[in-house]
Amino acid sequence: ALLTIGVAALLDDLGAVALSAEAAFALMLLVIGAGLLVGTWFGHSRGLIVLGVLLIPFAAAAALVHEPLDAGAGERTAAPQTLSGVASDYRLTAGHLRVDVSQVPFGGTSRSVTMQAALGQLEVIAPATVAVDITGHVGAGELDLLGRIVSGVDIDAHVTSPGAAGGGTLHLDLHEGFGQVRVVRAGG
């Protein structure tokens, strides 16, 4: 199984295949399953059963997390003051990522922001006068989108909220592996 993963990782580095964590665990379980089949004829495969059972929770976790695993960890806060200062993409592997755009003057324009984290919390503070269009996904945990709370496993939600006339629009695409996604209005 380790040799197979090593070859797959080498092929991934060469650009021949795209190997995700989910695919790596599936490949390991496939090799262990093949070993169990061979073991039915030649015996001595009981250790593979234990190994396969121990890998199942990790494979399930990898299936739920599609967010970046190379984006660093910790507590990060972004509080841009201008529309050009609002990044289109924010990423974190583990921790708390807070983006406060409540002081940004949208001036009737639109801005799209994508945020991703594998483990922890994503938090957005939106301006009170801007229309907000939110799409959220959590592998396991909770979505709190402007007070609409949904929790569970593999959950998706879409929330829109109007703003003041001419206030602009903030489009949010939020993805969390395990944890919480929270969007609130400034002052709320």
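**Salt bridges and burial**

Modeller: Asp89 is partly exposed, with a relative accessible area of 36%. This is a predicted model, in which local features need pLDDT of at least 70 and side-chain atom pairs count only at pLDDT 80 or more, while totals for chains, interfaces and linings use all residues. Residues are numbered from 1 along each chain as its sequence is written, and side-chain values use heavy atoms, with hydrogens and water left out.

Colleague: What makes the pair of Arg91 and Asp89 a salt bridge?

Modeller: The term requires a side-chain nitrogen of Lys or Arg within 4 Å of a carboxyl oxygen of Asp or Glu, and here the closest N and O atoms are 2.8 Å apart, so the pair qualifies. By this rule the count comes to four salt bridges.

Colleague: How do you know that Glu123 and Arg98 form a salt bridge?

Modeller: Their N to O distance is 3.8 Å, which is within the limit, so this pair also counts. Glu123 lies in strand E3 (residues 110-126) and Arg98 in strand E2 (residues 89-100), so the pair ties together parts 25 residues apart in sequence; strands are DSSP runs of at least two residues, numbered from the N terminus.

Colleague: Why does Glu123 count as buried?

Modeller: Its relative accessibility is 10%, which is under 20%, so Glu123 is buried, whereas Arg98, at 28%, is partly exposed.

How values were computed:
Buried < 20%, exposed > 50% of the residue type's maximum accessible area, 1.4 Å probe, protein only. Helix = DSSP H or I, 4+ residues; strand = E, 2+ residues; numbered from the N terminus.
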